[in-house]
Amino acid sequence: MTVIDIDHTSRWFGNVVAVNDVTMRIGPGVTGLLGPNGAGKSTLINMMGGFLAPSTGTVTLDGAPIWRNESVYRHIGVVPEREAMYDFLTGREFVVANAELHGLDDAAAQRALATVEMEYAQDRKIATYSKGMRQRVKMASALVHDPSVLLLDEPFNGMDPRQRMQLMDLLRRMGADGRTVLFSSHILEEVEQLASHIEVIVAGRHAASGDFRKIRRLMTDRPHRYLVRSSDDRALAAALIADPSTAGIEVDLKEGALRIQAVDFGRFTQLLPVVAQANGIRLLTVSPSDESLESVFSYLVTA
């Protein structure tokens, strides 16, 4: 069993803490690393792939430190997010070059290109590739030495629906074969479709861990905030605050509205129109005031 252990690991760049005291274990199967942009996902993947040293803590593969450990690198394949590549090479030349670095021949490169269905474009210059095609040829390069660990940083960016489905099917097969596959994403629905296990990172900190049902429940059950305008804000506030689904209400005079924090999402959404109708109040605007991805994930840090 191939396992990556991240143990009380931090990484900083000058005064910026990119990863803050993270501990997690990544085992066989498909794991999704979920978090908003800038959360520290790429830094974590770079430490798991051996491109960055931890500032503190350890990152190991089956107990062996990954940083500057050439024998470990032969078991890891990495698909980086960055798009920059050697555009003057053909796709085939790019994958062959990586095969040669591992002491492998052209046959290994051909197998990897066939795995990602890029044979049809292997003799074209990378400069002519779409973003999705670039992603797939990077994938071929990462698979050329048949690694037991595959790390992918936002792999679905730029892919059309057909390409996404092909890559998802490939990653599912690899996970089912017992490989350790980790991919990062900032889209919960993307992770739900593929990952059997999810690790959530927010602002460099490990925020949550579990299957997608647990993560979805944590996000759904968090307090929700609404901006509500009505024909009688004060009367509406008095009626709502008496119900346990509402944790707090603030009258925003500048906006001419109520800012409401609901702790029982389902009950509150049913209660609001009933209370308004019972008190003869017209609802003019009801809108979520904190539905950005940042706010949803940030709740998990303090949950």
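Reader: Leaving aside its neighbours within four places in sequence, which residues is Gln135 in contact with?

Author: This is a predicted model, in which local features need pLDDT of at least 70 and side-chain atom pairs pLDDT 80 or more, while totals for chains, interfaces and linings use all residues. Residues are numbered from 1 along each chain as its sequence is written, and side-chain values use heavy atoms, without hydrogens and water. Contact means heavy atoms within 4.5 Å. By that criterion, the partners of Gln135 beyond four places in sequence are Pro80, Glu154, Pro155, Phe156, Asn157 and Met159.

Reader: Is Gln135 buried or exposed?

Author: Buried means under 20% relative accessible area, exposed over 50% and partly exposed in between (1.4 Å probe, protein chains only). Gln135 has a relative accessible area of 6%, so this residue is buried.

Reader: Which polar contact joins the side chains of Ser209 and Glu199, and at what distance?

Author: A polar contact is a pair of N or O atoms within 3.5 Å; within protein, one must be able to donate a hydrogen and the other to accept it, and residues adjacent in sequence count only if both atoms are side-chain atoms. The side chain of Ser209 makes such a contact with that of His197 at 3.2 Å. With the side chain of Glu199, the distance is 3.1 Å.

Reader: What is the relative accessible area of Ser209?

Author: Ser209 is in contact with Lys214 and Ile215, among others. The residue is partly exposed, because its relative accessible area is 24%.
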